[in-house]
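This report is written for a reader who meets the structure for the first time. Please look over the sequence and the model before reading on.

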Amino acid sequence: MTDEARQSIETARRKVTGKTKAPLWAVLFESLVRGITGAVILVLFFLMGTILVRGGGQITPEFLLQAPRDGMTAGGIFPAIMGTFFVVLFMIVMALPLGVFGAVYMVEYSKGGIMSRIIRAAVNNLAGVPSIVFGLFGLGFFVLFVGRNLDHHIYGVPRTAEEVQAVQAEMAPLQAEAREEAINLADERGITDPAELDAFVEAYVEEQTPPVPRTVFGQGAMFWAAATLAILVLPFIIVATEEALRAVPPSTREAAYGLGATRWQVISTVVLPQAKPGILTGAILAVARGAGELAPILFVGVTFFTPGLPLTEPVNFGLFSVPVVNPFEEFMHLNYHIYTMATQHHDPIGTRGIQFGTTLVLVALTFVMNLMAIVLRRRYSKKS
Amino acid sequence: MSQEPESKPPGEPAAKRDELPSGREGHTPDFSPAEVQRRLRHPVSFFRRTREHLIEGGVFLCGVASILAISLIFIFLFREGLQALRMVDTPLDFVYSMGVQLEYDAGIDDVVAVGEAPQLAWQPVSEEPKLSMIPLMWGSLGVALLASLLSTLAGIGVGIFLSELASPRLRGVVKPMLELLVGIPTVVIGFVMLAIVAQPLRQVAEAIGLSGVYGSTYNMFVGAVGVSIVIIPVIGSLVDDALRAVPDDLRAASLGVGATRWQTTWRVVLPTGVSGVFGAVILGFGRALGETMIVLMCAGNAAQITGNPFDSVRTMTAAIASEMGAAQVGGVHAQTLFLVGAILITITFLLNLTMELVVNRFRRKIRL
């Protein structure tokens, strides 16, 4: 109901009933409701203001561009910023195509069919799942199930206790043989000092026996963290895309079909371009959400400290060779940095400044993305 | 290629319509792309047809992958959780464990063991693991109830303000602010509560004479306040949506018979939208139950059963978050934590289901 209508009805009521003042409890009730809303907005300003004031002084080029040093009491948070950036990047690269085309199937191919109903049910249920449950899933499925099995089949890393024993049983005679050889060799060379002898034997055994296979995939890694977050944000992308696709008027689709376009041509040249702002809004919100979550990735690869970004050996691109980010290593993350610095560091009070600085960087990132999404959505909804 | 057209193109000449294969009267003519192309004698080339099929297959796979990814969570969590049941003697181990009961003996001025008694203790890393989940559930329930209480009242207030009192312009400012508040990472809220709010809150409590009961600086109440900050905007937005779905005719009728704005809100709008409001509250409760980082940082993280809201508690989510990293893979502790996750997912699933039923009823009521 418009404000003018409300106003005129109110005026009429006053004239008819002769009561010019609203009753006391109505006034009380309305001011209570206004007060509550004001208080909630105040909380937002309090949060933002505190973080800005206490974190603002921390923000220096050194803080943004260096790694932590001196037992995390000095230096910057560069690895954490980059870790957050790359994990979110990998996440959206995985989630966006899956979510967008999942929604395209739902809206354009299986209209109201069984598939779209199943997707809808799955999406609805996933949206209410606590984020820590995604963390359990990421650890149990990606790291322990997929990762360990990849390691087993590619590198021959043992998976179960029996397999570990089998590998050890296989290695034992070889090691014993090498040890004997080492002791003989030491005799020949005249090594008698026990410590020196031990070191020599150890080194010799290591050199002579086949290397123990190393875990590559079966441990916490940026890639698994990104995959876990991708599943977390998938429902949001599907819902946003679905709404955007449904907002495209059917008449434009029919016009395109009328010109003889095939279904894919209609989708790719008519529907998706019109739905682009809506999909983009969903993607931005998904990125903001992914950057703001810690619980899902707690056990899937975040770590307290790395001296820099995890990088691979230089990769040859033909013209030049540069190291690239290694997604199968552990990484630092802004959220985890705040959490560990505030709760597990040996001096949580003394490093408050760093904690607030990190918080400011994180809040600024998510704030900017949320704002972008809000503005984009507003402009988009005004146009249509 | 066998879908029905979404709507009949208008202005089709009647004569042409008769030529179409209409089996019975009133049958919608088939304007599907395949049919139209066939009728235009415009055969789709083999290449284009193949490409269409390939793309449809690819898009279908994306849909299937989404479903798979989502349903895998449920399957996997239950599979892992059920292994915990196989590792213990009886499922009752997750309810209570037998522990030595100590009693003070005045004669020797020391405590002596007097026998065994059931204990509700969560001590998964002790020599003999005690795996009672009751303290964790107690903590979760306590924080979620307290947070729901705070945020239901405030959230309904915000919702009423947005839908009934605010001018469209004010609403256009306040609603995005709520969205921004929801968008703040929970770690940040937990951190601010821990670093800035908890200590002054303790001082305030002590100043008003609560020092006797104020157990720990980080406690259930501080956790619940932090969780409320996240949930109030969510409930507020949903209540706003629910109240705005109430038809304006009802408001106009109420105002027309001489009711004031307050009477209209309280006696007409709220009762009509009550199931929507109820749905919002249930959703908020589910969110509070699943919130992890805030309770992990501010609720004290001590697994105990306490009736005092100013004592430390450890919720189910906080237990998973703080213990999983150190638990041995495949051990009974880790599998029990998976079981806790499975229970958590079941509870939120049921809450979701309830909310959906309630909201569906609301929609039907609104349409009447």
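The text below treats the contact between the chains, then the domains, and then some local features.

**The two chains together**

The structure is a predicted model. Chain A and chain B meet through 91 residues of chain A and 90 residues of chain B. About 8,300 Å² is buried between chain A and chain B, and 75% of that area lies on carbon and sulfur atoms. The interface of chain A and chain B holds two salt bridges. A salt bridge joins the side chains of A:Arg377 and B:Glu179, with 2.6 Å from N to O. Residue pairs in polar contact across the interface of chain A and chain B number seven, counting pairs with both residues at pLDDT 80 or more. On the side of chain A that touches chain B, helix α2 (residues 24-56) of chain A supplies the largest share, 19 residues. Sorted by class, that side of chain A comprises 59 nonpolar, 18 polar and 14 charged residues.

**Domains of each chain**

Chain A is assigned domain 1 (57-156 + 217-383) and domain 2 (161-208). Chain B is assigned domain 1 (28-87), domain 2 (92-119) and domain 3 (135-367).

| Pair of domains | Distance between C-alpha centres |
|---|---|
| Domain 1 of chain A and domain 2 of chain A | 48 Å |
| Domain 1 of chain B and domain 3 of chain B | 37 Å |

In chain B, ten residues of domain 1 are in contact with twelve residues of domain 3. Domain 1 of chain B and domain 3 of chain B bury about 930 Å² between them, with 80% of this area on carbon and sulfur atoms. The side of domain 1 of chain B that touches domain 3 of chain B consists of seven nonpolar, two polar and one charged residues. Between domain 1 of chain B and domain 3 of chain B, the search finds zero salt bridges.

**A salt bridge within chain A**

Over all chains, the whole structure contains 17 salt bridges. One of the salt bridges pairs A:Glu202 with A:Arg179, whose closest N and O atoms are 3.7 Å apart. A:Glu202 belongs to helix α8 (residues 194-208) of chain A and A:Arg179 to helix α7 (residues 161-189) of chain A, so the pair ties together parts that are 23 residues apart in sequence.

**A hairpin in chain B**

Strand β1 (residues 97-105) of chain B pairs with strand β2 (residues 110-119) of chain B in the antiparallel sense, over nine bridges. Which residues of β2(B) are the bridge partners of B:Ser97 and B:Gln101? B:Ser97 has B:Gln119 as its bridge partner, while B:Gln101 has B:Gly115. Four residues lie between the strands in the hairpin of β1(B) and β2(B), where B:Asp109 takes a positive phi near 55°.

Definitions and conventions:
Residues numbered from 1 in each chain as written. Chains lettered and ligands numbered in written order. Predicted model: local features only at pLDDT ≥ 70, side-chain atom pairs only at ≥ 80, totals over all residues. Heavy atoms only, no water. Domains from an automatic or database assignment. Contact = heavy atoms within 4.5 Å. Buried area = accessible area lost by both parts, 1.4 Å probe. Salt bridge = Lys/Arg side-chain N within 4 Å of Asp/Glu carboxyl O. Nonpolar A, V, L, I, M, F, W, Y, C, P; charged D, E, K, R; others polar. Pairing = 2+ DSSP bridges. Helix = DSSP H or I, 4+ residues; strand = E, 2+ residues; numbered from the N terminus. Polar contact = N/O pair within 3.5 Å; in protein donor to acceptor, adjacent residues only side chain to side chain.
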